[in-house]
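Trainee: I have a structure open and would like to go through it with you. Can we take it one piece at a time?
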Amino acid sequence: MPLRATLNDKQVQSFEFPLDEWEELKHGYRKQKLLMPCCLNKAIPKTSKLGTQYFAHSRRGDCTSAPESQEHMYLKFAVAKAAKESGWTVTTEYQGCTPSGDKWVADVFCEKGTARIAFEIQWSQQATNEYLRRTEKYTQSGVRCAWLFRLNGSKEYGRYEFIESYSLPYFGFKKKADGYVVARYQKSITEFVHGMLCGKLVWGPKTGDLLNIRVCYIDDICWKCKRTTNLVTGLEVLDKNNRHLDFLSFGGAGVEEWISTHIDNAELHAAGIGQIKNRYSKTVGHSYMSNGCFHCDALQGNFFIPPSLEGGNKLVCEWSYNSEELHIEPTWSFEGNPGTYWF
Ligand SMILES: [Zn+2]
Ligand SMILES: [Zn+2]
């Protein structure tokens, strides 16, 4: 059911009506020409159980527009209102098409200057391919598409369960006691949409961004001299406010080179860490950059160590991001916050 209609041949949108004017329309619409945008059949202004102002068909007739759930409409209303309040021109159920003639209908379409953003609210489960396919239609039409999709409110999710990319901004929301919340950032739908339209959702890190790198290490017993030595396990990447962005394991691309470039041997030594350098391994049959025993310099093999994000031993270094040295998985940050890993 749309939030848009034509009233005496002029477009009107339900979210633009203050409560008293909406009530007035509900009383007086019969004497005017109020039509649905989808099929030009007669429209009735209604208020849903959730308090959403919307237009319904007086008779559906041959209209083929898909029916919507109350929740979908409620969220569309909230997004449209937030977008308008952010200073954008907003049209709900906006119909457009790609240069090759493929049609699309955006839940909430926003324009400002040359920028065009379509918000899609996804209440039912949708396969990733479908997200990509539908997003591509918008991309071809010169429209940026952002998705808000429903998560199961009682389930916990990890970020790894969703593909992160610049071309597919999609964010899960959960129902909380006080309304719908974008789970990863703990922001209400209204705050999130407002922030997005004010440039507070940023994809990064970008070259030159200042990051904090923690060289993480643990202690272990040297297989050769049986003494305790510290071994580097990897690099934890944080933003400049020390919020976790990524963890790169020792042995991963560029990690050892990064350490030898940015961390003084003396600093490693002071932390009880052996030299990071090329050593020949008989087991592997060639030499590679490795941890060595602090005492006897024997090669300490790489083994999988799960990243410990809290506690543990760390050397901290500030670094200006350069993807040629180290590749850090980019992510969406909202108001400078990459959000929680679990949500
Ligand atoms: Zn219709
Ligand atoms: Zn040793």
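Trainee: To start with, is His57 buried or exposed?
Mentor: Keep in mind that this is a predicted model. His57 counts as buried, because its relative accessibility is 12% and the cut-off for buried is under 20%.

Trainee: What does the zinc ion (ligand 1) have around it?
Mentor: The zinc ion (ligand 1) is coordinated by Cys38 through SG, Cys39 through SG, His57 through NE2 and Cys63 through SG. The distances are 2.0 to 2.3 Å.

Trainee: Which arrangement do the four donor atoms make?
Mentor: It is tetrahedral, because the angles they subtend around the zinc ion (ligand 1) are 104 to 120 degrees. For reference, the ideal angle for four tetrahedral donors is 109.5 degrees.

Trainee: What spacing do the donors follow along the chain?
Mentor: The spacing is C-C-x17-H-x5-C. Cys39 sits in the loop between β3 (34-35) and β4 (43-47), while His57 is in strand β5 (residues 53-57), so this pair ties together parts that are 18 residues apart in sequence.

Trainee: And Cys39, how does its accessibility come out?
Mentor: Cys39 is partly exposed, with a relative accessible area of 22%.

Trainee: Changing topic. What is the volume of the largest pocket?
Mentor: About 620 Å³. Its lining has 24 residues, and those nearest the centre are Ser65, Ala66, Glu68, Glu93 and Val105.

Trainee: Which elements give two or more residues to that lining?
Mentor: They are α2 (70-85), β6 (89-97) and β7 (103-112). β7 gives the most, with four residues.

Trainee: Which domains does the lining draw on?
Mentor: At least three residues come from each of domain 1 (1-67) and domain 2 (68-204 + 331-343). By class, the lining has nine nonpolar, six polar and nine charged residues.

Trainee: Now the backbone. Where is there a cis peptide bond?
Mentor: One joins Gly204 and Pro205, with omega at about 15 degrees. Pro205 is in the loop between β13 (201-204) and β14 (210-221). Most peptide bonds are trans.

Trainee: What is the phi of Asn8?
Mentor: Asn8 has a positive phi of about 50 degrees, although it is not a glycine. Most residues other than glycine have a negative phi. Asn8 lies in the loop between β1 (4-7) and β2 (10-13), and it is partly exposed at 40% relative accessible area.

Trainee: And what about the phi of Asn242?
Mentor: Phi of Asn242 is positive too, near 65 degrees. Asn242 is in the loop between β15 (228-239) and β16 (244-249). Its relative accessible area is 42%, so Asn242 is partly exposed.

Key. Residues numbered from 1 in each chain as written. Chains lettered and ligands numbered in written order. Predicted model: local features only at pLDDT ≥ 70, side-chain atom pairs only at ≥ 80, totals over all residues. Heavy atoms only, no water. Donors = N, O, S within 2.8 Å, 3.2 Å for Na, K, Ca; no water. Tetrahedral: all angles 85-135°; square planar, octahedral: opposite > 155°, others 65-115°. Buried < 20%, exposed > 50% of the residue type's maximum accessible area, 1.4 Å probe, protein only. 1 Å grid on protein atoms, 1.4 Å probe; cavity = no way out; pocket = protein on both sides within 12 Å on 5 of 7 lines; lining within 4 Å. Points joined across faces, edges and corners; volume = space filled by probe spheres on them. Nonpolar A, V, L, I, M, F, W, Y, C, P; charged D, E, K, R; others polar. Domains from an automatic or database assignment.
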